Structures are given as structure tokens and as C-alpha cells.
Amino acid sequence: MTLLERLGGRAEITRGIVAEFRRLSRHPHASWHEAATARDVAERLLELGVRPVLDEAGNMMAEVPPSPGREGAPLLLVQGHLDMVCAVSPGSGFDPLTDPVCIRDMDALLRSDGRSSLGADNMLGNAAVLWLLSGRKIAHGPLRLIFTVAEELGLEGAKRVNPGWLSGGAYLLNTDGFHLGRAIVGAAGGRRETYTRPLNPVPAPAGTAWRISLTGGAGGHSGYDIHLGRINAVKALGELLALLRERTGCALAAWEAGTAHNAIPAQGSLLVVCPPETEGVLRPTAEAWFARCRAAHAQTDPNLDLTIAPAPRPGRVWTAECRDGALALVNGLWNGVAAMHPEFSGVVGDSANVGKIGLEEGQLQVCAFLRCRDAEREAALAARQEAAARAAGFAWSVSGYPAWPGAPDNPLALLLERVYREQTGRTLEISAVHVGLEPSIFQSKAPGLVMVSTGPEILDAHSVDERAPLHALPDYALLLAGFWEAL
Ligand SMILES: [Zn+2]
């Protein structure tokens, strides 16, 4: 009897996992609001004869005894997260803290009703695991299930997992992947940098004030989208300001752009005070700069626009020293891809994003985010960033999470590759990602643990268009079950 036959055939697998997913999704489960869903998972585990334990953060752990005859197999940790990114369609009235996702099953896809994200990231992976454990005829070794909370807020639940939950395990399988047929064996570390300096503004000089606004950048995620060459509004406005300083000697009253450390800034503005004698130079200089800028980004940011409008004259402006320091820092910070990954083709190895500039509690603040494939690379890039900050007169603070340096010969991934080929006839791609994953945290708590991440197919995660093709579910179940049996 084949594994597919033992699992009841493709239609039965799909029906079973979808039913499990609906049950686990019946309560809202935003980050740090997973308690009701955790109760549902616990109830399900108790039905399976497994008693889960919770920690103070809300993470859950349960030991699943081996099938008869598989007692000698190595302990495998199977891990996923319970929370979801709650994208909401504007004007839909959907409240992710009180409204459960309304799941539709149409056109061979699972999707929401369009008001919210689906939460297949990562609940569909969890559902596949629970379905496989509910009375299927699979001969698995000892398993330890771990369900974490607040993954989407920066791996917060994983950070709080007691290292004891990882001990004794040889291997960990993370189900938080988006591509069926791809095994992830490495992830980038993240370093969140916040640079500050006092502003001490001075009375504005004579002249007219102008608000120069750059809008319509494509923006995006500083991990997934950093290699696309999109405009960075903080950097671009810095370039324009340097030019205006040189041609007009303008004073600066405001420079604001971007929203977060890890988002590519899509828009921003400058407020400048231009001396009367150079006022005629301001607009032609800015327009000529923008023509070049727009041409350079015609492919990546087709909706760019620049407006130059008279503004009420501000009472105070930045000191020239502060303006020049801000320009020096923004110019000195790395932005974009620093290096591609040497071992995984097409994967970014190291990158930086200058995410935001603006005022925070009366101080000038510049935010940046580094992603690096290992600690050494991060230290090298961080030293460059700090040198730029020191020279520009800024102080800084940092936080982050470590890298999970990947090896293409990861034995778990090679086993998954073999199982996937046997079960589907297709090859499994072994790769790394340029974003943070929970194994990055587990690696630091249990350095000997061999880990791999692989999930079902999920499209447009973190958006209201999030959807999961149903045809991928049987192959994902075969991959997990075959892997458990082969380990
Ligand atoms: Zn996820």
C-alpha cells in the first residue's frame, strides 16, 4: 500500500487538512492574541491523546509518542507559529481582534472573503501536522510539537521559548514556508539600528519656504524586495538636499521620509528656507534632479512624482551643522544589496535599508535595518555603519536577531529532497531566505540542532489577497509523512 493510499487519497487529504484549518481559524489570532486558538489546538491535541503544556508567553509544547516499532528513531521537533499578519481591506469594517477570518474555498484556492488576510501563514502548516497525527497510518518516531506566538512581530514567541523545550532533539522541522517543493536551510540575521542626534533648532534666516515632496515610490519589504532596485525616499531626498545646499545655500526646517526600519521608504518631504538671491535656482535645480531620478527609476517606480510648493515660513530651522550631519549620515549608511549569497543562487546574502528619517521626541532620528547571512558579515557591515554615524555626530542603539547560516548539504533537506522525489516525481529546491525565521532564534538556544523549513504553497501572504492552492496540500502531506517515516 502506498503512502498516498494509506492517507486516503488526494481528495481525502485535501478535505481533511481544510477542515482542520477551518477549525484552527475559527477564532481571531493576531500576534499576542492567540489564546483562543491555542485552546483549540490544545483541545485537538487532547483528542489525540497528547497533553500540551503552555509557557508564560503563550507558546505551546506537546510530546507525541512514537508509533509502535519506531521508538529508536531520533526525536524530531515539529514547529509552527499560531499568530498571523492581519491585513485588512480599507473600509471593510473588519476588526482582526474580534472578527474571525471568513474562509472561502473556491476556484481550487483557499482564500478569505477579501476583507482580511487568510492566515494560511502559518496555520495551514499547523493544520497539515495535526491532520497527519489524527489517526493516520503513519509510522513516525518520537515527535515534539512546538507552537509559538507573536512570530510576526519579530520572532517574539520563539525568543521566549525555554531552551529545555529544544533539548534532546536532534532535528527541527519548521512548517512556516510559502513554497511547496522548496526547503529552506538558512535565514538572514536582522540588525535594527536607530541613530539619534539633538536638533537644537535656530531662528529661520530671511527667505521663502518651500515644501518639496517626493511621492509614489513602490516601497516594499526590506528583506523580500531589497534586490529590486526601488527608490529609497530617504536617500533620494538626501541627494536632492545636498544639491540644493550647494546651489542655493538653503536652510533645512524638516526632512521626513519612511515609516519603519524594515520598510523601503516610498515617500517623504523636505521643508527648506531659500535665501532671496538664489530663489530662482531652487525650482529648476529640483526639477532637473527629478527628471534624472524619474528616468533612473522608470522601471522600478513608475508612479514617482515631485511637487515643489510654497509653504508657510517656519520659525526655526536646523543648524547648518545638524543639516550637514544628517546628510553625511544618510549618505554614509549602506543601502541596498551589499552581497549576494555565495552558496544559494539568486538569494541576497547581505543588505541594508535606510528606512526612516524624522523627529522623535525632539531628536533627529534615522532608522536602518541590516540583514546578513552570518555574524561575521554583519559585524563588518555594522562597523561601517557605526563609523559613518560617529563621523556625522550621531549616537545609536541596536537590537535584532541572529542569522541562521545555511549549508546546502543540510542532511534534513537532503532527506526531504529524496522523499519529495519519491512521492511526487519532482525535485525539491534547497535554498535560503533573506528574512528572519524562527530557526534563527532556535539556533542560538540549541546550536547543535539541525533544522529545515518547508511549508505548503501560499501566495501573497501578509495581504488581503493571501491564498493557498488546494492542489498543493496532498503533496505537502506526503512530504511531511514520508519524511517522518524516513527519519
Ligand atoms: Zn509565517
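How many cavities of 30 Å³ or more does the count come to? In this predicted model, the count comes to three.

**View 1. The largest cavity and its lining.** The largest cavity holds about 60 Å³ of space. Its lining comprises 13 residues, and those nearest the centre are A187, A188, H341, R373 and V433. Strands β8 (182-187), β17 (348-360) and β20 (429-433) are the elements that each give two or more residues to this lining. By class, the lining of the largest cavity is made up of seven nonpolar residues, five polar residues and one charged residue.

**View 2. V347 in the loop between β16 and β17.** V347 sits in the loop that runs between β16 (336-340) and β17. Is V347 buried or exposed? V347 has a relative accessibility of 9% and therefore counts as buried, the cut-off being under 20%. With neighbours within four places in sequence set aside, V347 contacts M340, H341, S431 and A432. One of these, H341, is also among the residues nearest the centre of the largest cavity. A461 lies 114 residues from V347 along the chain, and the C-alpha atoms of V347 and A461 are 19 Å apart.

**View 3. The second largest pocket.** The volume of the second largest pocket is about 260 Å³. This pocket is lined by 16 residues, and N232, K235, A236, G238 and E239 are the closest to its centre. Helices α6 (233-248), α7 (279-296) and α8 (320-332) are the elements that contribute two or more residues each to the lining. Which of the elements provides the largest share of the lining of the second largest pocket? That share comes from α6, with five residues. Sorted by class, the lining of the second largest pocket contains seven nonpolar, five polar and four charged residues.

View 4. T278 belongs to the loop between β13 (268-274) and α7. The relative accessible area of T278 is 16%, so T278 is buried. Apart from residues up to four places away in sequence, T278 touches R247 and T248.

**View 5. Packing of α2 against α12.** Helix α2 (residues 10-24) packs on helix α12 (residues 472-486) with the axes 8 Å apart and at an angle of about 90 degrees. Because angles of 65 to 115 degrees count as roughly perpendicular, α2 and α12 are described as roughly perpendicular to each other. On the α2 side the contact uses R10, I13, T14, I17 and V18, and these meet L473, P474, D475 and A477 of α12. The residues of this contact of α2 with α12 are six nonpolar, one polar and two charged.

**View 6. Packing of α2 against α3.** The axes of α2 and helix α3 (residues 35-47) cross at roughly 135 degrees and come within 9 Å. The contact of α2 with α3 has six charged residues, two nonpolar residues and one polar residue.

Conventions:
Residues numbered from 1 in each chain as written. Predicted model: local features only at pLDDT ≥ 70, side-chain atom pairs only at ≥ 80, totals over all residues. Heavy atoms only, no water. 1 Å grid on protein atoms, 1.4 Å probe; cavity = no way out; pocket = protein on both sides within 12 Å on 5 of 7 lines; lining within 4 Å. Points joined across faces, edges and corners; volume = space filled by probe spheres on them. Helix = DSSP H or I, 4+ residues; strand = E, 2+ residues; numbered from the N terminus. Nonpolar A, V, L, I, M, F, W, Y, C, P; charged D, E, K, R; others polar. Axes fitted to C-alpha atoms, helices over the stretch in contact; angles between N-to-C directions. Parallel < 35°, antiparallel > 145°, perpendicular 65-115°, else oblique. Contact = heavy atoms within 4.5 Å. Buried < 20%, exposed > 50% of the residue type's maximum accessible area, 1.4 Å probe, protein only.
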